[in-house]
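Reader: I would like to learn how to read a model like this one, feature by feature. Where do we begin?

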Amino acid sequence: SMGGVFSWLWGKKKIYWVPEHRKLKEKVEDLTKWKPVEDWTGWQIQNAFTEGGFLRDQLKASKATVELNLSFNGIGDDEIEHLAEVLKENKTIKRLILENNHIHDEGAKKLAKALIPERGKSDPVLEVLNLRNNCIGYKGAIELAGLFSRQKTLKKLDLYWNNIGNEGLKAFCENLRPDFPKDFVLDLRYNGFNKSDTKMNWEDMETKIQKNKVTYKDVEDPQLLGWPED
C-alpha cells in the first residue's frame, strides 16, 4: 500500500538525515574524523564562527584536510575574519572553496592579507582560492591581484561572477609575473568587462599578459579566463 511505502521511505530517511547544525557539532568536536576533502556545502556555518571561536580553533588545528568546501554558507566579511586566521596558521588546507557566499571587498582584503607571507613564519600553503559568485568588486580585485607579486603559492584564483569590472581586470594585468606555474588559472569570467571603455589602455594590458607568458587561448600555459572579446 502507499502508506506502507511512505512509512518505509520516511523510516529510511530518518536514519540518514541529520540537521546541518548537528552535523557541524559532531564534525567540529572530533578532528580525528576529518577527511582530506571536507564538503560542508550549505551547512550554514556562519553562526558557528561567531560563537566563541571553537570552530576557528579546530580548523586551525586540523591536520588531515586538504580541501575545504564552504559554499552556500552565508559567509560574509565578518566570518572571513576567522577564516583569515585559519589560513595564516593551518598547514594542510590547500584548497578553499567559498562559492555563493556574501563576501565583499572587505572580506577579499582580509583573505589577501592572510595570504601574504610574514617574516619569520612559514608561507601560507593555500594553492586554490575559489570565490565564485560573491561580490568582491573592483576594490576586492585590487587587493587579491596584489598577492601575485608578494607570494608564489597561490596558483588558482576563481573570481567568476564578482563584478570586478575593468578596473579589477587592469589590477590583475598589472600584477602578473613571468614565472607562474603551467597549471596557473585566473578565472575572471562574467565580471562585466567593457571593451568600449576608452579610459582603459587595452593594448597595454594585452602586452602585459603576453609579456608574462599568460594566455587566454591555450590550455598548456598559465591561463587567464574571461578576457573580453572585441
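This is a predicted model: local features need pLDDT of at least 70, side-chain atom pairs count only at pLDDT 80 or more; totals for chains, interfaces and linings use all residues.

Reader: Is tyrosine 190 buried or exposed?

Author: Exposed means over 50% relative accessible area. Tyrosine 190 has 53% relative accessibility, so this residue counts as exposed.

Reader: Which aromatic pair does tyrosine 190 belong to, and how many pairs does the whole structure hold?

Author: A search of the whole structure finds eleven aromatic pairs. In one of them, tyrosine 190 pairs with tryptophan 161. The ring centres are 5.2 Å apart, with 25° between the planes. Planes under 30 degrees apart count as stacked, so this pair is stacked.

Reader: Why does tryptophan 161 count as partly exposed?

Author: Its relative accessible area is 48%.

Reader: Show me another stacked pair.

Author: Take phenylalanine 180 and phenylalanine 184. Their rings are stacked at 3.8 Å centre to centre, with 15° between the planes. Both residues are buried. They also belong to one aromatic cluster, together with Phe148 and Phe172.

Reader: How do I read burial along a helix?

Author: Start with the general idea. An α-helix has 3.6 residues a turn, so residues three or four places apart point the same way. Now look at helix H6, residues 105–114. Its buried residues are Gly107, Ala108, Lys110, Leu111, Ala112 and Ala114.

Reader: What covers the buried residues of H6?

Author: The cover includes helix H5 (77–89), strand S4 (128–130) and helix H7 (137–145).

Reader: Next, empty space. What is the general idea?

Author: Rolling a probe the size of a water molecule over the atoms shows where empty space is left. Here the largest pocket has a volume of about 300 Å³. It is lined by 14 residues; closest to its centre are His21, Leu24, Lys25, Ala48 and Glu51.

Reader: Which elements give two or more residues to that lining?

Author: Helix H2 (20–29), helix H3 (46–50) and helix H4 (54–61) do. H2 gives the most, with six residues. By class, the pocket lining has seven nonpolar, three polar and four charged residues.

Reader: How many cavities of 30 Å³ or more are there?

Author: Two. Lys88, Ala114, Ile116, Glu118, Lys121, Ser122 and Pro124 line it. That lining has three nonpolar, one polar and three charged residues. Ala114 is also one of the buried residues of H6.

Reader: Which residues line the second largest cavity?

Author: Val86, Leu87, Asn90, Ile93, Val125 and Leu126. The volume is about 40 Å³. Five lining residues are nonpolar, one is polar and none is charged.

Reader: Finally, how do I read the whole chain?

Author: The chain has nine helices and seven strands. Its C-alpha trace spans about 70 × 50 × 30 Å along the principal axes. Of its 230 residues, 48% are buried. For contacts with a separation of 6 or more, 81% join residues 24 or more positions apart. The accessible surface is about 12,600 Å², and 52% of that belongs to carbon and sulfur atoms.

Terms used: Residues are numbered from 1 along each chain as its sequence is written. Side-chain values use heavy atoms; hydrogens and water are left out. On a 1 Å grid over the protein atoms alone, a cavity is a set of points where a 1.4 Å probe fits but cannot get out, and a pocket is an open set with protein on both sides within 12 Å along at least five of seven lines; lining residues have an atom within 4 Å of a point. Grid points are joined across faces, edges and corners, and a volume is the space filled by probe spheres set on the points. Ala, Val, Leu, Ile, Met, Phe, Trp, Tyr, Cys and Pro count as nonpolar, Asp, Glu, Lys and Arg as charged, and the others, Gly among them, as polar. Helices (H or I, at least four residues) and strands (E, at least two) are DSSP runs, numbered from the N terminus. Buried means under 20% relative accessible area, exposed over 50%, partly exposed in between (1.4 Å probe, protein chains only). Contact means heavy atoms within 4.5 Å. Accessible areas come from the Shrake-Rupley method with a 1.4 Å probe; for residues, only the protein chains shown count as cover. Rings of Phe, Tyr and Trp (its six-membered ring) pair if their centres lie within 6.5 Å; planes under 30 degrees apart count as stacked, over 60 as edge-to-face and the rest as tilted.
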